[in-house]
Every structure is written in structure tokens, then in C-alpha cells.
Amino acid sequence: MASNQLIQDTLDSLREQLQAELVQGNDSAAAVELDQNKVGRLSRMDAMQQQAMQQARLRSIQKRLSDIHRAEEALQHDEYGLCEECGEAISKQRMQVRPESVLCIGCAEKMEH
């Protein structure tokens, strides 16, 4: 597995990226107002749907930021790459795609259901 510093750098970079997305996305998740004087604007229902999708995206980003924090704690305790639920090693492929993973794919799927 990669050195702790390389893993920490990867997590730091990912956190910065997600925090920037969170800041950008907050405007899109604001309350929907319909200006009936403007032509070509989305209908109120479409605007509300877009707002709901953006709010879900922001929740996903916040969860990933929380997972980064948990992964950093695991890294400090030499438990990085181990599933928090079952204690088994998380696959290298999963850790490459989601370095903030704290659950193996099996436990993650169980949590989703």
C-alpha cells in the first residue's frame, strides 16, 4: 500500500476539491423563486426539481467529506484500508477509486439497503 504521506496528500487534495464544489453548489440549492416577468425561465416545478437534485448532490459531497475525516483517523491509527464494519481489507481497486472509503463493497451495499 502507498505511504501514509501519499495517502494523506490524496485525501487532502480530494477534500479541497469537494469543499470547492460545496461552496459552488450552495447557490444552486437556495430557495426557488419564480420570476414570472422573465421569458424563457424554467417552470417552478423544473426549478424545484433542479434544486432537489442539487441538494442531494450537496448531501453526497458532505458525506464524502465525513468519510475523508474518518479515513484520516484510520490512517493515524494504522487502520486505513480496513472496513469499519467487518474489519476486512478494502480492495485496492475500491481504494484507488474512492480513497476515502471506510467500508468494503459488501458492507457498503448492505448499508445502502
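Start with Cys86: the cysteine sulfur closest to its own belongs to Cys83, at 3.7 Å, which is too far for a bond. Keep in mind as you look that this is a predicted model. A disulfide is a covalent bond between the sulfur atoms of two cysteines. To be counted here, a pair of cysteine sulfur atoms has to lie within 2.5 Å, so the separation of 3.7 Å between Cys86 and Cys83 rules that pair out.

Now turn to Cys83 itself. Which cysteine sulfur is closest to the sulfur of Cys83? That sulfur is in Cys107, at 3.7 Å, and again the separation is too far for a bond. By the distance rule, the model has 0 disulfides.

With the cysteines in place, let's step back to the fold. The chain has 4 helices and 0 strands, so along the sequence you will read the pattern α-α-α-α. Of its 113 residues, 31% are buried. If you consider contacts between residues at least 6 apart in sequence, 51% of them join residues at least 24 apart.

Asn26 sits in helix α1, which covers residues 4-28. Its relative accessible area of 45% makes Asn26 partly exposed. Although Asn26 and Gln54 are 28 residues apart along the chain, their C-alpha atoms are separated by 8.3 Å.

Our last stop is the largest pocket, with a volume of about 310 Å³. It is lined by 13 residues, and those closest to its centre are Lys63, Asp67, Arg94, Arg98 and Ala108. Two elements, α2 (44-76) and α4 (105-112), each give two or more residues to this lining. Which element provides the largest share of the lining? That is α2, with 4 residues. Sorted by class, the lining of this pocket holds 7 charged, 4 nonpolar and 2 polar residues.

Technical notes
Residues numbered from 1 in each chain as written. Predicted model: local features only at pLDDT ≥ 70, side-chain atom pairs only at ≥ 80, totals over all residues. Heavy atoms only, no water. Buried < 20%, exposed > 50% of the residue type's maximum accessible area, 1.4 Å probe, protein only. Contact = heavy atoms within 4.5 Å. 1 Å grid on protein atoms, 1.4 Å probe; cavity = no way out; pocket = protein on both sides within 12 Å on 5 of 7 lines; lining within 4 Å. Points joined across faces, edges and corners; volume = space filled by probe spheres on them. Nonpolar A, V, L, I, M, F, W, Y, C, P; charged D, E, K, R; others polar.
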